[in-house]
Amino acid sequence: MVTNPDLLALITTMKMAGLTTLILLLLGTPLAWYLAKMKSRFKVIIEAIVALPLVLPPTVLGFYLLLAFSPQSLPGQLWQQATGQQLAFSFSAIVIGSVLYSLPFVVQPLQKAFEQLGDSLLEAGAVLGASPIDRFFNIVLPLTKASFITAASLGFAHTVGEFGVVLMIGGNIPGETRVLSIALFVHVEAFNYAKAHLLAGSLLIGSMILLALIYLINFKPLREVKP
Amino acid sequence: MTLFLGVLLVLLIIFPHQANASQKPLRIAVSSNFSVVLQTLADEFNQKHQSNIQLISGSTGALFQQLRHGAPFDMFFAADSIRPRKLEALDMIVANSRITYAQGNLALYSASKAKIDQETIKHYSARLAIANPNNAPYGKAAKQCLISLGLWDKYQNKLIIGSNINQTFQQIRSQSVELGIVAFSQILQNNITNFLLLPSSCYQKVNQQLVIMKKSKHIKLAKKFSHFITSSEIYVRLNKLGYYNGILTLQQAVSPSKID
Amino acid sequence: MSTLSLDINCQFNGFLLSLKQDLKLKGITGIYGHSGSGKSTLLRIIAGLNNQATGTVKFNDIVLLDSSLVDTILSSNGNRRKKTFIKPQARNFSLVFQDNRLFPHLNVRENLAFAAKRCSHSRLKVSEVLKLTELESLAESSVTTLSGGEQQRVALARAILTEPKLLLLDEPLSALDQNSKNVLLKMLINIQKRLDLPMFYVSHSLDELQQISDNILVLSKGEVVDYGDIHQIIHQLNYAGADSDSDLSQLIIHQQTSLALPLKVNYNQPEDNHGLKTLLLNDLQEIHFPAHLIKDHSTNKQFITTNDLNEQVNLRFFILASDISLCLETTNNSSIVNHLHGVISKIDCSNNNVLITIDCAGQSFFANISSYSLDKLLLKEDQAIYMQFKASAVRTFIT
């Protein structure tokens, strides 16, 4: 078992961000697809809901999630019944919170990519005998690969940088919900500036590498070819 | 792509996460301003008793909200007595566990001015930093003090409100604000020499209280720790750190009549 | 022989496409109409890409679309709408779009493999189709580097590899240059014969359809105007201008004679007979035309193979009515190369434009003359007449 607190915070952060990104890709892709193909008036409403975490202050989101996850409210109780564990202040809570908080960062790039792709190639696929799932995996995915990478990276990076929401619903419990961003804050509060600088530095470098990777992938001429 | 996801999945499963209850440490939620002191005391206690005490610091308000909604903390060291009382009223604490563990004092502090004395506050007209009087106990006390000294009207619109006393302290220390009211314990902890103690008759001392949460799995240990913190030995040490009445021995004490 | 039965209604662009027609699936069926007449919509409905149509579409006995009302015995609120709709991927039809719609992330071979993989019977091999469409040298190329013509060839090859029961083509040549059009048109005709693959070919260019289709469906403003043999329909359309019927005013075409005749093979004649070749009308009458019409300009080889010659394949040409002059007597002293002898069957006058229909060797010919000439020559129906037109008046779509 890892005992170094900073390393523990790193592992917790990686697990949280990794799981969040995975869930967001699984849930966000059909949502983005649905939004891209939707033509009704309701599209605007759903888009607004998806974009909400972009404008909502994290502390507000954190507070309402805290209420929702608490053992005194319905969602919290349902979770307790289903899993036997309390939802609030658990690792699951910060994953769920992160999924909601980073949702637009994954859904929006995917939606744009699907919209840009249009219908013409999909119609071609259909008359060549491809089912909708077939068309998705063999036409859509290869042509929107770069956007998927962007969406995953943005979702991951955004989750790593999260503070207010995780603090509120996670409770900053070492080894379980104390993530890097909070660990950094704790060091600052305890006047451990050296450690704080170290953590901040590594977070900065890590983010830069990640962003550079994204831009590198998007720059390559092998990315989505315009049809 | 699938390979990457596969590796990610495996990593997520390998690293064990939740330890079982008996191995879990005693978790104490502590208000930020007392966390450094408490860490020292907790470390000593851990050494002596082979225990594992973990501190989670934050603002009293936020910690209170979390406790209300099921946060798994065993003890709560608040910066005031209001929140502990509320938890008691909600029947969430071990009976009779609410007790004062420290009493805070206020001091005027500047990192930029040459020397603070009684005249300083009469002539000073720029912005004044205090903690949030609505939810930070030291801020509340600061407001009381300003009102009782008849200075509230003067500074009301020139306040820089910190979300907690630590933030206020940082603001002054970094010289982004010239002057402010902080906890005396912070003065002593940071070896500040340029300060002015505020007369204790001008405000209600900040009674910092602790409680033991009912659903804790370490109640016995918590009680032990509570006794330790409120012991006379610790009282003396806290005195020297600026809590309780330890201040009266210092030279920079001032009588209220000298102000106005 | 299969049949596609259509009985549909569909709103599009402010018009109502309304069709009740049985289309024979033999050879190439052209679908002709101006922009906005509903041609593409019809094709998309047949392909299954348009889900808005109501009515029935049946391929032989297989129902592809049926949105008819079905009474339910049980429910108290009356009729319940039950809709059968076979999705495009299940219809076994393929479509070549005007904008090739090749998959940019796959090269030529991979694009073709995409279709071949999803074909249930797989009688055709990718290599065969590459040969048919002359794409062998481009098989590994990226599709984005190809010219327009090459891209459409790939699109065609890809559609063929699904081994469809019916191939739909939506203005496949519109975006191409003339030379590419020629090449592709010849290729299509060749493929159709080799694979016995019925095709529906949508175009707004009558010349193109005249060259390629056996039957033609004429649409105007969402309705069927006519359906039948290509030459007959063109000849009927010659009269479109005559009527003051506003609906058909869209369909006024260059009045013309549409012909499909075999080439005369004369083993005694020198290869290059002053740059002219001959079509056989019957034993007695011939039509001369410029030899370059049947040559590929880039290779200088003839389009027609010896196989075609042996089988007496018909070549298609048209002669504009304005290019045919009439004469009461024949003459040998004229520079005009073609002289034909026939009988006037019909005289139509509208404004000062006179359309004369002449029967000659079992074919109908059409000539435009001025009303002045009509009076001067005192032409009457059933009158014997001579037609004169230059060799260069004999045209084909492929020039």
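User: In chain B of this predicted model, in what order do the strands of the open sheet that includes E10 run?
Analyst: In this predicted model, the sheet in question is open and is built from five strands of chain B whose pairing is mixed. Its edges are E2 and strand E4 (99-104) of chain B, each of which pairs on one side only, and the twist from one strand to the next averages 20°.

User: Which residue is the bridge partner of Ala102(B) in E10(B)?
Analyst: E4(B) pairs with strand E10 (residues 206-212) of chain B in the antiparallel sense, and five bridges join the two strands. Within that pairing, the partner of Ala102(B) in E10(B) is Gln208(B).

User: Helix H10 of chain B packs on this sheet; what angle does its direction make with that of E10(B)?
Analyst: Helix H4 (residues 82-89) of chain B also packs on the sheet, where it touches strand E3 (75-77) and E10 of chain B and has a direction at about 35° to that of E10(B). Helix H10 (residues 219-229) of chain B touches strand E1 (26-31), E2, E3, E4 and E10 of chain B. The angle between the direction of H10 and that of E10(B) is about 155°.

User: Which residue in E8(B) stands opposite Leu108(B)?
Analyst: Strand E5 (residues 106-109) of chain B and strand E8 (residues 179-183) of chain B pair over four bridges in the antiparallel sense. In E8(B), the residue opposite Leu108(B) is Ile181(B).

User: Which element gives the most residues to the side of domain 1 of chain B that touches domain 2 of chain B?
Analyst: Chain B is divided into domain 1 (25-103 + 205-246) and domain 2 (106-204), and their centres, taken over C-alpha atoms, are separated by 26 Å. The contact takes 13 residues from domain 1 and 17 residues from domain 2, and the side belonging to domain 1 divides into five nonpolar, six polar and two charged residues. H2 and H3 of chain B each supply at least two residues of that side, and the element that gives the most, with three residues, is H2(B).

User: How many polar residues are on the side of chain B that touches chain A?
Analyst: This contact takes 21 residues from chain B and 23 residues from chain A. On the side of chain B, two or more residues each come from helix H1 (2-14), helix H2 (32-49), strand E2 (53-58) and helix H3 (60-68). That side also has seven nonpolar residues and one charged residue, and its number of polar residues is 13.

User: Which element gives the largest share of the side of chain A that touches chain C?
Analyst: Here the contact takes 15 residues from chain A and 20 residues from chain C, and by class the side of chain A has eleven nonpolar, three polar and one charged residues. Helix H6 (120-127) and helix H7 (132-143) of chain A are the elements that give two or more residues to that side. The largest share, six residues, comes from H6(A).

Technical notes. Residues numbered from 1 in each chain as written. Chains lettered and ligands numbered in written order. Predicted model: local features only at pLDDT ≥ 70, side-chain atom pairs only at ≥ 80, totals over all residues. Contact = placed C-beta atoms within 7 Å. Nonpolar A, V, L, I, M, F, W, Y, C, P; charged D, E, K, R; others polar. Pairing = 2+ DSSP bridges. Domains from an automatic or database assignment. Axes fitted to C-alpha atoms, helices over the stretch in contact; angles between N-to-C directions.
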